[in-house]
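Here are a few exercises to work through with the model open beside you. Try each one yourself before reading its solution.

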Amino acid sequence: MKRAILLSAFLLSQFGTSQLLKTSGQKIINDKGENIQLRGLGLGGWMLQEGYMLKTADFAGPQYKIKQKIAELTGEDGMERFYKAYLKNGITKQDIAFLKNAGFNSIRLPMHYNLYTLPIEKEPVKGQNTWLEEGFQMTDDLLKWCADNKIYLILDLHAAPGGQGNDVNISDNDKTKPSLWESEDNWNKTVALWKKLAKRYKDEPWIGGYDLINEPNINFTGKNPNGTDEMSNVPLWKLQKDITLAIREVDKKHIIIIEGNAWGNNYNGLIPIWDSNMVFSFHKYWNNNDDATLKSVLDLRQKHNMPVWLGETGENSNVWFTELVQLLNRQNIGYAFWPMKKIDNIAGITNVKITPEYQKLLDYWKNGGEKPSKAFAEKALMQMAENYKFSNVEIKNDVIDALFRQTTDGSTKPFKKHQVPGRISATDYDLGRIGSAYQDKDFVNLWVSDPAKRSEWNSGNQLRNDGVDIYKTKDDQYYVGKTESGEWLQYTINAEADNVYTFDINYAGINDAKVRIEDTSGKQLAVVTLPKTGGYEVWKTIMAKGISFKKGENKIRIYFEIGGVNLNYFEVK
């Protein structure tokens, strides 16, 4: 009894320190009535894998197909060992502490139902639910790490029983089996899972809300398979109302988050609002960052006097990230960027490094040929699981800078400390906004609004997430390529003394090019013609003389007067 009293006192004290979120008109607030803008990250790829995150999209998109491919090489036992290590390493307390330090105040957890309960076809008794401890324990651990760091955890049912749409990758559904919308058992299991979760976490102040169903995409009465032309959405609203009622039987406190059809954005046919503590979620990818692109959700917010939350966004350039956060800040809309970890990733806050052995597995799965041995495949996969540990991922400081500092601060910062005399890699230009730290002509992906405008921004897809095009040489060195006239790069350089220096510029190209070196006041320091070298990776060095630096910090810009040249490094002597 004494322990129960102490626990109750502890919970009351936790709720009394302004953590618990609720809605107030169009705002999300805490217990003190303070406005809370959720600045979040979605843990995509942890509980639920999508093929593009593991580079298997060409031959295995949904997770169950990825598992089949792995089991073909390692057997079921080897596949299970890989996933055990993968889930253990994917998110840890170190990851959450890092997110807090980076500036995030919330996390969206994309849950796969099969970590919490059996699929209906595997239930020993039809219509009953077998609960699995694995998913609940993973969620318990994550919640503890979030509470320790004062971060809100939003639970998101990303893969619902049977699958919630025709985009099978995001919900891992097998089209040969009945979907969520075709099976009463799947429907009931979905409702029961949410009630189970709500009962378990009803007294947890760091639970930020319940995101009921991720990105429904289904045609109930319309012609578009993903529900973009759906006008009624009757089953969707009924399901979310049923879930809400089940949650409210055990949890009166936490925010309910609902999503529309067509990947979360089609709110046609919305029935009268059925709960007083509810938020609309929408998702935003690959379109402009202006009020016009938010009109539908702003109208929704105004009409129903309810908050809206951008539950998923990302997969674009740093320019787009900064502009989006600035837009959301102006409109007081919270967000969750996507994802945290994937292989060969420049657009997330971390990158999981690929290995040659894993690449060999990918090549076999895609092209066939000699089958890797079970021992080779399992070793390759276990190494990739090891690479998912926080201590082994590459932190993308340029993305973090774009998401946070650059949204309010237009100044530039050194990407690395450059001390001269010394060698400076061309890819180590300053951190900062476009027009301040660099200038590039392709810097954003807007392909949804106009497919002809699709751009990879960084065409080499290496190292950094700005518009600057960075490539890797055959010996794994990075260089700036696809340069165009009018583009430029800025570098912050520390000099040991007032002195005159030479620049040995290492470059390659099939045509003559020209660069101009200036300081940030516009004073010209040198103009250098770069004769063609005979190939895009045939590297030559040319000298620029008489460049004056003062002692201490110097900021210079290298302008491409005539582009087409690949820039590797410059040696300052």
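**Exercise 1.** Which strands does helix α11 lie across, and at about what angle does α11 run to β9?

Before starting: this is a predicted model, where local features need pLDDT of at least 70 and side-chain atom pairs count only at pLDDT 80 or more, while totals for chains, interfaces and linings use all residues. Residues are numbered from 1 along each chain as its sequence is written, and side-chain values use heavy atoms, with hydrogens and water left out.

*Solution.* Pick out α11, residues 318–331. The strands under this helix are β8 (278–284), β9 and β10, and α11 runs at about 180 degrees to β9 (angles go from 0 to 180 degrees between N-to-C directions). Next, look at β9 (308–314) and β10 (334–338): they pair in the parallel sense over four bridges (pairing takes at least two DSSP bridges).

**Exercise 2.** Find how α3 and α12 pack.

*Solution.* Start with the axes of α3 (63–90) and α12 (356–367): they are 12 Å apart, at an angle of about 110 degrees. The two helices are therefore roughly perpendicular (65 to 115 degrees). Now list the contact residues (heavy atoms within 4.5 Å): Lys69, Ile70 and Leu73 from α3, with Leu361, Tyr364 and Trp365 from α12.

**Exercise 3.** Is Asp504 buried or exposed?

*Solution.* Locate Asp504 in strand β19 (499–509). Its relative accessible area is 11%, so Asp504 is buried (under 20%; exposed is over 50%).

Key: Angles under 35 degrees count as roughly parallel, over 145 as roughly antiparallel, 65 to 115 as roughly perpendicular and the rest as oblique. Buried means under 20% relative accessible area, exposed over 50%, partly exposed in between (1.4 Å probe, protein chains only).
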